[in-house]
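The exercises below are meant to be worked with the structure open beside the text. Each one sets a task and then goes through a solution step by step.

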Amino acid sequence: MSYDKDHTVIRFDIVKNRRKFFIASSVIIIIGLLFTLFQGLHLGVDFKAGTRLDVFIGKTFNPTDVEEVIKKEVPTVNFSKVTPYGENQAYTRFDQTISSDTLMKLEMALKAKYGEQVSKQVSSVDPSIAQEMVQKAAIAVAIAAVGIAIYIAIRFQWLFGIACVVGLAHDVFIPIALFSILGLEVDITFIAALLTILGYSINDKIVIFDRIRENLRTMKSKTIPELEHLVNVSLWQTMRRSVYTVATVFFTALALAVLGSESIQNFSLALLFGLVSGTYSSIFIAAQVWVNLKERNMKKKKEVM
């Protein structure tokens with residue numbers, strides 16, 4: 001633990017250990033990419049053609065028994081494991097779109113087994129719409145990230161813009177990697193969570209970059225050690241604010257994940273992963289990328305002189 005001239009407590013030298021943080025993030029992203037490459041993302045019905053069937057049974061049931069009814073009524077179409085949720089409800093997903101007549105026969109068969117209280121909710125997407133949704137989701141995330149990066153570059157300087165791009169890419173890839181590793185479903189709410197994450201993440205990065213810019217005006221930064229000390233001071237000056245802000249939203253998202261309905265669970269989990277990733281990247285990735293870029297510029301200037 002040390003102090004700067006303004007008595008800012010530096011509990012840990014973040015800048016000196018930046019390679020460790022780069023390696024940690026790289027390992028998670030690489031593992032996630034490998035899972036995505038060999039296992040693929042578990043795409044929801046929004047992004048993959050097919051039919052999602054939600055069934056309210058209304059009494060205690062065995063998922064295996066429901067699967068047997070489905071196999072009997074829809075024998076030619078593959079479907080995912082019947083997963084219970086909520087109070088006496090379950091869902092499954094067919095790899096192809098199922099006709100309304102077939103779904104009606106399936107509902108009648110379930111009513112015959114469990115009673116007239118059985119009801120269904122259906123969500124179907126054909127192949128062309130699924131492909132269009134994937135493209136629009138990717139475009140939406142890309143436009144948001146590029147727009148934010150341009151704003152940072154204009155407001156601060158282009159080096160901050162590059163660091164911001166790297167940080168935002170990190171914030172997008174980490175939730176995707178974790179969802180791939182854990183086999184969680186990627187649906188439209190996941191994209192909504194990513195866009196929300198980008199908003200919180202850029203807010204945190206702006207606060208840190210703004211403090212670095214202010215300290216550049218008042219603290220010495222002519223040498224590499226002085227620059228690294230300046231960034232350390234800036235990070236610790238904003239640390240409490242970053243932690244408190246993300247903690248407030250994190251516990252709210254955690255409550256949604258634990259107490260909320262199944263329909264928003266993926267959104268809540270993606271938000272949890274992204275909030276932690278965004279705060280981590282602001283402190284340990286984006287700011288450190290800026291340090292690397294700034295030090296490279298300083299070395300080039302010395303060589304020219």
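A salt bridge is a side-chain nitrogen of Lys or Arg within 4 Å of a carboxyl oxygen of Asp or Glu. The model is a predicted one, in which local features need pLDDT of at least 70 and side-chain atom pairs count only at pLDDT 80 or more, while totals for chains, interfaces and linings use all residues. Residues are numbered from 1 along each chain as its sequence is written, and side-chain values use heavy atoms, with hydrogens and water left out.

**Exercise 1. Find the salt bridge between R52 and D54, and decide whether its partners are buried or exposed.**

Step 1: the side chains of R52 and D54 meet at 2.9 Å, N to O, and a search of the whole structure gives 10 salt bridges.
Step 2: R52 and D54 are both buried, where buried means under 20% relative accessible area, exposed means over 50%, and partly exposed lies in between (1.4 Å probe, protein chains only).

**Exercise 2. Compare the setting of the R241–D204 salt bridge with that of R211–E214.**

Step 1: R241 and D204 meet at 3.0 Å, N to O, and this pair links distant parts of the chain, with R241 in helix α7 and D204 in helix α6, 37 residues apart. Helices (H or I, at least four residues) and strands (E, at least two) are DSSP runs numbered from the N terminus.
Step 2: R241 is partly exposed at a relative accessible area of 29%, whereas D204 is buried at 6%.
Step 3: R211 and E214 form a salt bridge of 3.7 Å, N to O; because they are three residues apart in helix α6, about one helical turn separates them.
Step 4: R211, with a relative accessible area of 27%, is partly exposed, and so is E214, with 35%.

**Exercise 3. Describe the surroundings of E295, including its charged partners.**

Step 1: E295 is found in helix α8, which spans residues 265-304, and is buried, with a relative accessible area of 7%.
Step 2: leaving out residues up to four places away in sequence, E295 touches R18, I224, L227 and E228, where contact means heavy atoms within 4.5 Å.
Step 3: a salt-bridge network links E295 with K16, R18 and E228.

**Exercise 4. Which residues of the largest nonpolar core touch the most other members, and which element gives the largest share?**

Step 1: a nonpolar core is a set of buried Ala, Val, Leu, Ile, Met, Phe, Trp, Tyr and Cys residues joined through side-chain atoms within 4.5 Å.
Step 2: the largest core has 54 residues, of which I14, I152, F209, I212, V231 and W290 touch the most other members.
Step 3: two or more residues each come from α4 (127-155), α5 (158-182), α6 (188-218), α7 (224-259) and α8, and the largest share, 14 residues, is given by α8.
Step 4: another core lies apart from this one and has 19 residues, among them V55, V77, V82 and I98.
Step 5: as background, nonpolar side chains in soluble globular proteins tend to be buried together.

**Exercise 5. Locate R11, and state how far R11 and N232 are apart in sequence and in space.**

Step 1: R11 is found in the loop between β2 (9-10) and α1, and R11 is exposed, with a relative accessible area of 55%.
Step 2: R11 and N232 are 221 residues apart in sequence, while their C-alpha atoms are 9.7 Å apart in space.
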